Amino acid sequence: MSNTSHHLDVAAAEDHLMRFLSVEGVTGHEANIAAAVSDALQKVGVPASAIRFDDANKRIPLPTETGNLIVDLPGTRPGPRLLFSTHLDTVPLCAGAKPRREGDRIVSDGTTALGGDARTGVAVLVVVAETLIKHKLPHPPITLLFTVREESGLHGARELNPAELGGPVMCINVDGQSAADLIIGAVGQENWEVEITGRASHAGVAPERGISATMVGALGLVEARNAGWFGKIVKDDGRGTSNIGIFGGKDGRPAGDATNVVTDYAHLKGEARSPEAAFAKKIAEGYREAFSKAKAAVVDHEGDTAEVKFSHTTSYPPFKLDEDTAVVQRATKALKLLGIEPNYLFSNGGLDANWLDKHGIPTITIGAGQAEIHTIKEYVNLPEFEKGCRIGVLMATLED
């Protein structure tokens, strides 16, 4: 097996990364970073005709400037098509990021996050294209996919039409930290919410005439916790986690307006995660039952109860690849060529890989140096970024 990664131009790779880190593109506002990527790809020799956008943004239920960016690289040798993916968007905390190099790290100025998640991936995909073209390296047909709105619900990958990708047999998603870590699976998530409509009354003069939506919500959460559905969940038939994230009122306002009024409305939102889709749903149903019991426990002077509307929807499905899957084997081979012993990980957070796998493309997620993500302490570890670039080049060029 030849090590094609020695063709990597490390300085050029770091220049791409610095450029992409300096372009703002928070989730839903990816047009500028997409333009920067398109420009960089054309400068390294990808024809404009090979670069396009899909219409996923028309199906995403949130305003989104562009669709996913898709790039077709024709093969220079026969073989099954490979897909490389990453996401264009950053979390809002990255707005206004000013990247600077500090030793073997890239850091922000300490007032924002950096956006290494996943601008490291964006750079890796461009570097792979540049290295293949510049050195005329033999490779099968390759599709590059840069998704939108990953950080706000994995929407670009979710709403993707897989027919747009040209039939890849596997995917290498770049959205991790350490080059040694190969993410081969991830939990699924259900989002649940409950709307509680009670009845207002004067809390001092006639509290018995009111039905407190706040109390129904509070008792529902206590019921869920007592039944073992809150936090870390370990049951005979499954394991997972759950959380209550938002306890509020209408339109993001507080639940209730004043201390002397029995609260007439509350809106709660939470999540449930599990390696098994059915168990994530079961956790959500545990919350449904808890709020149902709480409804019966809070009555007014005539025995009336609140109206409780509970619902849950799948945010993303779980997946897990076997270690003998072709894409896992390919990644393992690439790491071993670099002298890296792989760690196979299962993620407790969702990735674009969850949806790409659901679309029928076995997907592994590799790391390229992003660290302390979603915080103002975020940085990029440049030696890990370099390894990520080398893994990318190897995975593009390895013989099947």
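Predicted model: local features only at pLDDT ≥ 70, side-chain atom pairs only at ≥ 80, totals over all residues.
Biologist: Hi! How many helices and strands does the protein have?

Modeller: There are 10 helices and 18 strands.

Biologist: And what does the C-alpha trace span along its principal axes?

Modeller: The span is about 80 × 45 × 40 Å.

Biologist: What share of the contacts with a separation of 6 or more comes from residues 24 or more positions apart?

Modeller: Those residues account for 80% of them.

Biologist: Charges next: how far apart are the mean positions of the positive and negative ones?

Modeller: They are 1 Å apart, for 40 positive and 52 negative charges.

Biologist: Can we zoom in on Glu14? Where is its place?

Modeller: Glu14 sits in helix H1, which covers residues 10–21.

Biologist: Buried or exposed?

Modeller: Glu14 counts as buried because its relative accessibility is 14%, and the cut-off for buried is under 20%.

Biologist: Which side chain does the Glu14 side chain make a polar contact with?

Modeller: That of Arg101, at 2.6 Å. Setting aside neighbours within four places in sequence, Glu14 is in contact with Arg101, Leu382 and Phe385.

Biologist: New topic: how many aromatic pairs turn up in the whole structure?

Modeller: The search finds 5. One of them joins Trp192 and Phe291, a tilted pair with 5.9 Å centre to centre and 50 degrees between the planes.

Biologist: Where in the chain are those two?

Modeller: Trp192 is in strand S9 (residues 188–197) and Phe291 is in helix H7 (residues 277–297), so the pair links distant parts of the chain, 99 residues apart. Trp192 is buried, with a relative accessible area of 1%, and Phe291 is buried too, at 0% relative accessibility.

Biologist: What about Trp229 and Phe279?

Modeller: They form a tilted aromatic pair, 6.1 Å centre to centre with 50 degrees between the planes. Trp229 lies in the loop between helix H6 (213–226) and strand S10 (231–235) and Phe279 in helix H7, so the pair ties together parts 50 residues apart in sequence. Trp229 is buried at 12% relative accessible area, and Phe279 counts as buried at 4% relative accessibility.

Biologist: Last one: which residues form one aromatic cluster with Trp192?

Modeller: Tyr287, Phe291 and Phe310 form that cluster with Trp192.

Key: Residues numbered from 1 in each chain as written. Heavy atoms only, no water. Helix = DSSP H or I, 4+ residues; strand = E, 2+ residues; numbered from the N terminus. Contact = heavy atoms within 4.5 Å. Lys, Arg positive; Asp, Glu negative; His and termini not counted. Charge placed at Lys NZ, Arg CZ, Asp CG, Glu CD. Buried < 20%, exposed > 50% of the residue type's maximum accessible area, 1.4 Å probe, protein only. Polar contact = N/O pair within 3.5 Å; in protein donor to acceptor, adjacent residues only side chain to side chain. Phe/Tyr/Trp six-rings, centres within 6.5 Å; stacked < 30°, edge-to-face > 60°.
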